[in-house]
Structures are given as C-alpha cells and as structure tokens.
Amino acid sequence: MRRHAVLWSMIVLAVVMLVPFFIVVLNAVKTPEEYSTGGPLSLPSGVSLDGVIAFWERVDFGEKLLNSVVISGSVAVLAVVVSVFNAYALGIGRVRGRLWILVLFLIANTLPQEALVYPLYFLANEVGLYDTKTAVIIIFTVIQAAFGTYLLTSTLGGFPRELLEAARIDGANKWQTLVRIVVPISRPTLGVLFVFFFIWTWNEFFLPLVLLISNENQTVPVALGVLQGQRMMDATMTSASALLGVIPAIVFFLIFQRALTRGITAGAVK
Amino acid sequence: MSLVPTSIRDRGSYLLFLIPGGLLLLAVILVPFGMNIGISFTEWSGAGEPEWIGLDNYVRLMSDGTFWASFRHNVGLVVAMAILPTLAGLVIAAALFDFIGKQFGSRHAAILRACIYLPQVLPIAVAGIVWSWILAPQDGALNEVLRAVGLDSLAQNWLGDPDLALWTVMGVMLWIQVGYPVVIFMAGMQRVDPSLHEAAELDGASWWGRFWHVTVPQIRPEIFVVLLTCTIAALKVFAPIYVLTRGGPGGSTNVPSYYSFQNFFEKTQVGYGAAIATVLTVLILVLTSVFLRVQNRGER
C-alpha cells in the first residue's frame, strides 16, 4: 500500500514537471482561430504547423540555429583544447605555483558576468569585434575553459605515471606525449566536457544579449528572449517560439544522457 | 647524474602549455574585472572621459532603496533556487533511489528522474517564455485551468501584481532548479556503502531514520556543492527576470544583476552599474570562500 503511495506521488510530480511542455506542444499546433475560440486548454482538431512556420520565417529561425551551432560548437572545441593545455601543465607538469594558478581559474569561473560585461563591451568595440560571433566565441572559450582547467587538472593529477615515463624513454617529447598518450586515454572525460561546454554555451543569455545586437548574429535564446520582451507575438506564435526553443534542448538532453553514461562507464573500466 | 637539471628544464617547457590559456584568461577575465573595479570609482556615461569620484558610488549605494530592495529579492531567490530545491531534492532523490529503484527497478527511477530533470536543459530564456505565457492574466493556461474548475477567485495577474510577482518568479525558479539536486544526490547515493543501510535496518531504524542518519551524512559533499552552486546561480540570476518581468512591476522583482544591467545600458550610469557589479562579486567570492572553508572543516 505505502510503496504504491510513494510511486504515485513521484509519478504525479513527474507529470506536474512536464505539464508546461505539454501545454506548449498543444498550442503550438493550433491555428490562431482555434486558440481564440477554445483558449489554451482545448484540444486542436488537427496538427497545424502554420504558427511554427510563421514564426520560423518571421525570425529566420534557421539562421539563429546556425549561429547557435557555430558559436557553441567552436566554443566547445576550443575550450576543450585550452583546458587540456592548461591541465597538462598544471596536473601533469606540476609547474611552480600551480595551486595559485588553479585558484585564479576557479575565481574566473565564479565571477559574475555582470562584473565583466561593460569592460568586455567596451574592449570589443575598441578592437572592432563588437557584434561579431568571434567576440562571443573567444569570451566563452575562456569562461568554459576556466571550469575545464579546474576539473581536468584534478583528473590528470591521477594520470598513471608509468605511461608518461614509458613515453619519455621511447624518446617522445612533451607535445608527442600529450597528443599520443594523454589525450587518447582521457577521451571519455574530454567528451563529457565537450557536451557540457556545448550545452552551457547554447543556453547563455546575458553576454550574447549585450554583445550580439544585430539580428543576423543572434543566438536562439537571445532572439526568442528579445522577441518576448517586445510583447508583439500572439499566443500561438509564442507557443510556437517556445516549442522551437525546447526542441534543440531535448535533443541535447538525449545526447547528453548517452555521453554521460558512456563517460562514466569508460572511466570505470580504466 | 643530471636528474635535477632535467626536471627543472621539464617544468620550464610545461610552462609553455600554459601560455595560450593564461593570456586568454588575462585578456578576457582579469583585465576586464580590474577595469570594472576602476570604473566603479568614476562617473561615466560610457562615452567621453570617465570622471574620478572616489567612493561616491559606494556611498550612494548605501542609501539607495532600490539597491537594498534588489538584494532582498535576491534572498527570496536563494530560498527558491538553493534551499527549497536542496530540501525537496533530498527527499525526491531518496524516494527514487532507495524506494522506487529498489522496489520497482532502476529503469523506472531513471525515467522519473529524467522527467524531473528536463526543465534544467531548457535555455533559461526559453523557460521564461513558456511561463510568461502560461501565467498571462487574460488567456494564460493557469488562469484558464482555475476558471475551468470553478476557482475563478484564485485567478491572478501572476506577474503583473507587485505583491505577487516575486512569489511567482520564485515558483518558476523552483520548477527550473529542482532537477539538478535530484540528479546530483542520486549519483551521490550510489556511492554510499549498502552495508551501512543494512546495519541500520538490522538495528530497527525506520526509513526516515536511515534517511536522516545514514544517507544525509554520507552525501554531505554533494549537498555542499549543490548549495554553493545554486546560491551563486541565484545571486547571478538575470535571464528569467529579463524575460518574465524586466524587474517590474514597479521594481518588485528587481535583482542586483538586472539593476546593474539597467545602469549600464539603459540609464548610462556606467560607474554606478560597475559599483553594483563589484559589490555582487565581492559577495559571491566571500560566500564561496566561507562555503569551502566550512566544507573543509567538515571533512576533517
């Protein structure tokens, strides 16, 4: 009896968490007429993608998706590379003063973006990178790599010394050891970092909002957030926009779950 | 033997790998942060020469009602984003891991966990759009539901009523946040040695007794991490405020982050905005070091 009470309360909780998603899907496939007669809770008579298509064309959603993919993808790759370099020097090379350097990276990771935004905005203007994807890519590479350095340094700190020693005896230099030994063996962790960096950058709002002012450079969350702020969309279009914002997140979620499971099991095998 | 010289040369060449990351850190984080502190001692509209005014911005902050109100609202958000999710997350994670996972299979537990975690993967701006539309006063889904079941009197202008807006935002943030502790705590519970539970069970401990005396102390490190990261996230919160309320109505949901943004880009009081951001940073750094210190002491 009691075990079912717990099960049911958890199921109810899960459903409550999902209700907003259902409502979004329900209304994104309605026609505006259906919405105005039946309100947000009525079932649509069929699936109409008019609202979604109208919204897609109005904001040129394909372009926003591409911007987000380019920015998040570049940041994820570059931030993993920078994290590996940093962690190689700190975790394996154990350079002098590494604890203080690590603290510096940790502070960089906790600083609120509000305390960086105006100087970054000003400097980006000075060097002619304001309102470019390049500026956003560089900035988030550093922000994500600060976390990656912190995490990877502790992982690489436990790297098997025998392997490094063997590589050195075989005549490999530092660069060869990094590329041929350290990176291949750390691949599962690097994969997890890549996925994290990609999703975190995708979801960023504050700095892209300030730095990407023109329409053709905006990312998905910025474009949706700005439109919402202008309060110029009708109800079906709003839910269509929410649906288009939700879909990539759910796709990432599925990929993320697989990558995470693989990363954890791969770590266990070692 | 030339062991010592090689090891010194070794360290030198490892340093080369730190150069790109170090330069980037300097250019994107450390120098801008220093500039922000510098700007906070000036009066500046963003164009022309900043005028040095010493501590005037900070003195002005002390008597600025909006600034203090924004911190009070932040306390509400810490409750909604760190304290309540941690408490709820503990109970939910224990129910899923200890109860559902063992009685009904870990697959069921994993599916339920995924449903609860889903809001976490949404871009916060998108979550804000979803909710501002559900909470719309006229034809929003929430008010429609209330009217449909005859509770017309409970239908509210959720985000437009100054007395209600902060509570509504807190509710939305709780929905967004709760999946994070659930996932972290469930991972932590897998670490706990099952024999501890078995011993407690043999001693006749109830489920709650085992939860309180075995599970919670065992996953203390996870609880610390969740409390710290969620508290910092709550202090930095910007996107939900921007999308849901723009700090309104009448400043009733303004937070330091949004207040500094307003000063930077709407009121062009850049120096004052920089002072707000600096205070926020100091608060976050102090909180982080206190947390880490308490955690270290707990581990000893």
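This is a predicted model: local features need pLDDT of at least 70, side-chain atom pairs count only at pLDDT 80 or more; totals for chains, interfaces and linings use all residues.
Chain A contains 13 helices and zero strands. Its order along the sequence is accordingly written α-α-α-α-α-α-α-α-α-α-α-α-α. The radius of gyration of chain A is 23 Å, while the globule rule gives 18 Å for 270 residues, so chain A is more spread out than a compact globule. Chain B has 15 helices and two strands.

| Chain | Extent along principal axes | Buried residues |
|---|---|---|
| Chain A | about 80 × 65 × 30 Å | 44% of 270 residues |
| Chain B | roughly 85 × 75 × 30 Å | 42% of 300 residues |

The contacts within each chain can be sorted by separation in sequence. In chain A, 78% of the contacts with a separation of 6 or more are between residues 24 or more positions apart. In chain B, 69% of the contacts between residues at least 6 apart join residues at least 24 apart.

**The contact between the chains**

Chain A puts 63 residues into the contact and chain B puts in 68 residues. On the side of chain A that touches chain B, at least two residues come from each of helix 1 (2–28), helix 4, helix 5 (98–110), helix 6 (114–126), helix 7 (133–157), helix 10 (187–203), helix 12 (220–230) and helix 13 (235–269). Helix 1 of chain A gives the most to this side, with 11 residues. By class, the residues on the side of chain A that touches chain B are 45 nonpolar, 14 polar and four charged.

**Helix 4 of chain A**

Helix 4 of chain A covers residues 61–92, which is 32 residues. At 1.5 Å a residue the helix should span 46 Å, and the 45 Å between its end C-alpha atoms agrees with that. Asp60(A) is in the loop between helix 3 (50–59) and helix 4 of chain A. Its phi is near 55 degrees, a positive value in a residue other than glycine. Asp60(A) has 14 other C-beta atoms within 10 Å and is therefore partly exposed. Helix 4 of chain A is followed by Arg94(A), whose phi is also positive, near 45 degrees.

Helix 4 of chain A also packs against chain B. Two packed helices are described by the angle between their axes and the distance between the axes. For helix 4 of chain A and helix 2 (residues 19–39) of chain B, the angle is about 115 degrees and the axes are 8 Å apart. The two helices are therefore roughly perpendicular. From helix 4 of chain A, the residues that take part are Val82(A), Phe85(A) and Asn86(A), and they meet Pro20(B), Gly21(B) and Leu24(B) of helix 2 of chain B. This contact has four nonpolar, two polar and no charged residues.

**Other residues of chain A**

Asp131(A) is in the loop between helix 6 and helix 7 of chain A. The residue is not a glycine, yet its phi is positive, about 60 degrees. Asp131(A) is partly exposed because 16 other C-beta atoms lie within 10 Å, and a residue is buried only with 20 or more and exposed with 12 or fewer.

Asn109(A) belongs to helix 5 of chain A. Asn109(A) has 19 C-beta neighbours inside 10 Å and so counts as partly exposed. Neighbours within four places in sequence aside, Asn109(A) is in contact with Ala146(A), Phe147(A) and Tyr150(A).

Glu162(A) lies in helix 8 (residues 161–169) of chain A. With 8 other C-beta atoms within 10 Å, Glu162(A) is exposed. The C-alpha atoms of Glu162(A) and Leu151(A) are separated by 22 Å, and the two residues are 11 residues apart along the chain.

Terms used. Residues are numbered from 1 along each chain as its sequence is written. Chains are lettered from A and ligands numbered from 1 in the order in which they are written. Helices (H or I, at least four residues) and strands (E, at least two) are DSSP runs, numbered from the N terminus. The expected span of a helix is 1.5 Å times one less than its number of residues. Two residues are in contact if their C-beta atoms, placed from the backbone, lie within 7 Å. Ala, Val, Leu, Ile, Met, Phe, Trp, Tyr, Cys and Pro count as nonpolar, Asp, Glu, Lys and Arg as charged, and the others, Gly among them, as polar. Axes are lines fitted to C-alpha atoms, for helices over the stretch in contact, and angles run from 0 to 180 degrees between N-to-C directions. Angles under 35 degrees count as roughly parallel, over 145 as roughly antiparallel, 65 to 115 as roughly perpendicular and the rest as oblique. The radius of gyration is taken over C-alpha atoms; the globule rule is 2.2 Å times the number of residues to the power 0.38.
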